[in-house]
Amino acid sequence: MKVSIVTVVFNSVSVIEETILSVIYQKNASLEYIVIDGNSTDGTQNIISKYIHHNLLAELI
């Protein structure tokens, strides 16, 4: 069974990297991670893009 985790953010540069890393370091092999960004303007999208090619970060919306 695949578990999906969705994070919805807007201008959350101070916490988004810690949030992403928390999900990435989970031991569950059947994990899909989706980040939905509300067109942030504070650098949040830059942090998210650092992890977009990680195997668990399935999609950035």
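Predicted model: local features only at pLDDT ≥ 70, side-chain atom pairs only at ≥ 80, totals over all residues.
## Helix 1 and helix 2

Helix 1 covers residues 16-24, and helix 2 covers residues 44-51. Their axes come within 9 Å and cross at roughly 25 degrees. Because angles under 35 degrees count as roughly parallel, helix 1 is roughly parallel to helix 2. The crossing of helix 1 past helix 2 is right-handed.

On the side of helix 1, the residues that meet helix 2 are Ile 16, Glu 17, Ile 20, Leu 21 and Ile 24. Helix 2 meets them with Thr 44, Ile 47, Ile 48, Lys 50 and Tyr 51. Sorted by class, this contact has 7 nonpolar, 1 polar and 2 charged residues.

## Val 23

Val 23 also belongs to helix 1. Its relative accessibility is 9%, and buried means under 20%, so Val 23 counts as buried. The C-alpha atom of Val 23 is separated by 10.0 Å from that of Val 6, and the two residues are 17 residues apart along the chain.

## Ser 40

Ser 40 sits in the loop between strand 2 (31-37) and helix 2. With 7% relative accessibility, Ser 40 counts as buried.

The side chain of Ser 40 makes a polar contact of 2.6 Å with the side chain of Asp 37. A polar atom of the Ser 40 side chain also lies 2.6 Å from the backbone nitrogen of Asn 11. When neighbours within four places in sequence are left aside, Ser 40 is in contact with Val 9, Phe 10, Asn 11 and Gln 45.

Definitions and conventions. Residues numbered from 1 in each chain as written. Heavy atoms only, no water. Helix = DSSP H or I, 4+ residues; strand = E, 2+ residues; numbered from the N terminus. Buried < 20%, exposed > 50% of the residue type's maximum accessible area, 1.4 Å probe, protein only. Axes fitted to C-alpha atoms, helices over the stretch in contact; angles between N-to-C directions. Parallel < 35°, antiparallel > 145°, perpendicular 65-115°, else oblique. Left-handed = near helix turned anticlockwise from the far one by under 90°. Contact = heavy atoms within 4.5 Å. Nonpolar A, V, L, I, M, F, W, Y, C, P; charged D, E, K, R; others polar. Polar contact = N/O pair within 3.5 Å; in protein donor to acceptor, adjacent residues only side chain to side chain.
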